[in-house]
Amino acid sequence: MVVLIGPMGVGKSTIGELLAERLGVGYRDTDEDIVAAEGRAIADIFVEDGEPAFRALEKQAVRQALAEHEGVLALGGGAILDADTRALLAGQRVVYLSMDVEEAVRRTGLNAARPLLAVNPRKQWRELMEARRHLYEEVATAVVPTDGRTPEEVTRAALDALELKEA
Ligand code: S3P
């Protein structure tokens, strides 16, 4: 199992799918698990039930995926806010995909599907990262910067960082 963490928009799904393909394993994404189980978009869960309700669903989805999945698993950007989730990640291979604020704004833009960045993306992203950077670093076994790199380059860097061979 390889777990991908990092802020929204950093490319966890794109890199996760490429990494899984290169390793010849399956790809899974806890945001997708939540959407499938709830039959609603993440933005709708935030609006209708609030963030704490979403975090509870997310915590359960991460626990279940970590127990079941054997390939590459991408977590939602805020999953590491939960201390129990961080404890579950200890002992796993965890890749933190990082990027700077300008890259973040370029990639996420004014994407309404990301409720946490909907109003002032640059300011909100900075604040999120100030609260989260140390948590990403705490659980990561490898940090892979993505700034100015293509998905293929990031995937290669992740494989190198993990010292994993392609299938
Ligand atoms: C969130 C990130 C999103 C999604 C939700 C909250 C966050 O996932 O779980 O909008 O708190 O950073 P991605 O990182 O996959 O966009």
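This is a predicted model: local features need pLDDT of at least 70, side-chain atom pairs count only at pLDDT 80 or more; totals for chains, interfaces and linings use all residues.
**Entry 1: Lys-12**

I started with Lys-12 and found it in helix α1, residues 12-23 (helices are DSSP runs of H or I, at least four residues, and strands are E runs of at least two, numbered from the N terminus). Residues are numbered from 1 along each chain as its sequence is written, and side-chain values use heavy atoms, with hydrogens and water left out.

Is Lys-12 buried or exposed? I have it as buried, yet without a salt bridge. Asp-31, the nearest side chain of opposite charge, is 6.3 Å away. My cut-offs: buried is under 20% relative accessible area, exposed over 50%, partly exposed in between, with a 1.4 Å probe and protein chains only. Lys and Arg count as positive, Asp and Glu as negative; His and the chain ends are not counted. A salt bridge puts a side-chain nitrogen of Lys or Arg within 4 Å of a carboxyl oxygen of Asp or Glu.

What I did find is the Lys-12 side chain reaching the backbone oxygen of Gly-6 at 2.7 Å.

**Entry 2: the ligand**

Next I looked around the ligand. Of the 15 residues around it, Lys-12, Asp-31, Arg-55, Gly-77 and Arg-132 come nearest (near means a heavy atom within 4 Å). Asp-31 has a polar side-chain atom 2.7 Å from a ligand oxygen. On the backbone side, I noted a polar atom of Gly-77 at 2.8 Å from a ligand oxygen, and one of Gly-78 at 3.3 Å. The protein covers 93% of the 390 Å² of accessible area that the ligand has on its own (Shrake-Rupley method, 1.4 Å probe).

Which element gives the largest share of the shell? I get α4, with three residues.

**Entry 3: salt bridges**

I count 13 salt bridges in the structure. Lys-59 pairs with Asp-82, closest N and O atoms 3.3 Å apart. Lys-59 lies in helix α4 and Asp-82 in the loop between β3 (72-74) and α5 (83-89), so this pair ties together parts 23 residues apart in sequence. Lys-59 is partly exposed at 26%, and Asp-82 is partly exposed at 23%.

Lys-59 also meets Asp-84 in a salt bridge, 2.6 Å from N to O. Asp-84 sits in helix α5 and Lys-59 in helix α4, so the pair ties together parts 25 residues apart in sequence.

Last, I noted Asp-160 and Arg-156 in a salt bridge at 3.0 Å. They are four residues apart in helix α8 (residues 151-162), separated by about one helical turn.

Methods. A polar contact is a pair of N or O atoms within 3.5 Å; within protein, one must be able to donate a hydrogen and the other to accept it, and residues adjacent in sequence count only if both atoms are side-chain atoms.
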